[in-house]
Amino acid sequence: MNAESAYDERRLQDWIAGRARGFSRRDLLKLSALASVGTLLEASPASAAPTIVKPLPDDLFTILGTNAETKWAALRGQGYHVPIDRFFVRNHTSTPIIDADSWSLEISGDGLCGDPAHFTLADLRRLPAETHTVTVECAGNGRSYFGSQQGQSVSGTAWGLGAVGVARWRGVRLSTVLRRAGLRRDAVDVQPSGLDPNYVTGGVDLGPVRRPLPVGKALDDVLLAYEMNGEPLPADHGHPVRVIVPHWIGIASIKWVGGIEVSTEPLFSPWNTTFYRLFGPDFPTEGRPFDEQMIKSAFELAPGTVFAAGAPTRLTGRSWSANGPIQHVDVSTDGGTTWRRARRSAPSPEAAWQQWELDWEPASGAHELLARATDVHGNTQPDVARYNTLGYLFDAVVRVPVTAAP
Ligand SMILES: Nc1nc2c(c(=O)[nH]1)N[C@H]1C(S)=C(S)[C@@H](COP(=O)(O)O)O[C@H]1N2
Ligand SMILES: [Mo]
């Protein structure tokens, strides 16, 4: 059992025993008396106002409610980092416009030695900076394949595989800021919350988007990022400052962070109790908590692409694993009957993902493309992802239909 799953197991026991600060099992029961979790996830705001600030052209994005999914074809020919103009956006509500000059971050809670501490953007910029290449991926990335590929019904945003991106994030380590704020030795959990509008769903105000993480992770590799790909953090991605939690599901990386609670008791929020738990026949009734991402692959093309039959064709794609560098990627162009090893096509800084390619001369007709990645620890993509009612962590090999025409 790794550190994260031990933490998840402890928190599950805390939750069941009612040792829950912030959002309790009773709160959850009240909420589920009003609406099913599935309905809460489906609910989308009634307003027609734009929720994302940057342009969302058709060739780069698929719009899904308040969210925008990157089209994989738009990553072909791009470098390792996903440019801001095509980086996916996942908004529970809408992008707030925050004035960086008047913004400040409040660190508070009984896990501090003294009073709340405040940091302006200038304060953060004066602290030692670090730049890291980190993958941000929604826990629901690939969710639509539970339906289309496994015939299972799940609730939530029907993402294809484009709720993932890799960027260069520059900022200050959360550990630096927590230590300056006077972190107590017995603090256990840290909970950043967003300044975007409260998430109201099924008629219930769930408060600001927030999700706890253990102090161990917070002090390890978490960043408070104020730049993305060398630019000030764009509005849609958390301007002026967001949290970046490497290897964890996207919801951990709270955008537009306004406050961080530090607690000597376990913290809970709807985002680690109601949502972002695995529910279903394979899991405990309380749901199985989880934090880390899985292993996945995607071709840089649109399903249904038509190639020229008999012409040399270069298939390209990317694979990524939260558990380490990609060891190899096997590709099938015949529905999984035969497999060939793809070539690495570029280096993989900080193992955020691996770009690969494979040459192919398609015969005329219909074909099914598959890519299966294996990481250095031997984790590999299964044929079938583990069913859970909210459709998280789809890691199975995806079947991509294409054709070749004479
Ligand atoms: N404050 C706030 N932070 C948030 C969210 C949000 O809606 N509000 N969405 C989360 C989710 S579910 C994901 S997957 C990532 C997406 O980051 P991106 O929009 O920069 O791609 O942000 C996370 N941080
Ligand atoms: Mo997400």
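A polar contact, as I use the term, is a pair of N or O atoms within 3.5 Å. The model is predicted: local features need pLDDT of at least 70, side-chain atom pairs count only at pLDDT 80 or more, and totals for chains, interfaces and linings use all residues. Residues are numbered from 1 along each chain as its sequence is written, chains are lettered from A and ligands numbered from 1 in the order in which they are written, and side-chain values use heavy atoms, with hydrogens and water left out.

Which backbone atoms meet ligand 1? A backbone N or O atom of H92 is 2.8 Å from an oxygen atom of the ligand. For F88, the distance from a polar backbone atom to a ligand oxygen is 2.7 Å. S253 places a backbone N or O atom 3.0 Å from a nitrogen of ligand 1. Of the 530 Å² of accessible area that the ligand has on its own (Shrake-Rupley method, 1.4 Å probe), the protein covers 100%.

Around ligand 1 there are 20 residues, counted when a heavy atom lies within 4 Å. F88, D196, H237, R242 and K255 come nearest. The shell divides into ten nonpolar, six polar and four charged residues, with Gly placed among the polar ones.

I turn to the sheet. Four strands form an open sheet in the order β17-β19-β23-β22, with antiparallel pairing; strands are DSSP runs (E, at least two residues), and two of them pair if DSSP finds at least two bridges. Its edges are β17 (295–299) and β22 (343–344), each pairing on one side only. Five bridges join β17 to β19 (residues 313–321) in the antiparallel sense, and S297 has S319 in β19 as its bridge partner.

Terms used. A polar contact is a pair of N or O atoms within 3.5 Å; within protein, one must be able to donate a hydrogen and the other to accept it, and residues adjacent in sequence count only if both atoms are side-chain atoms.
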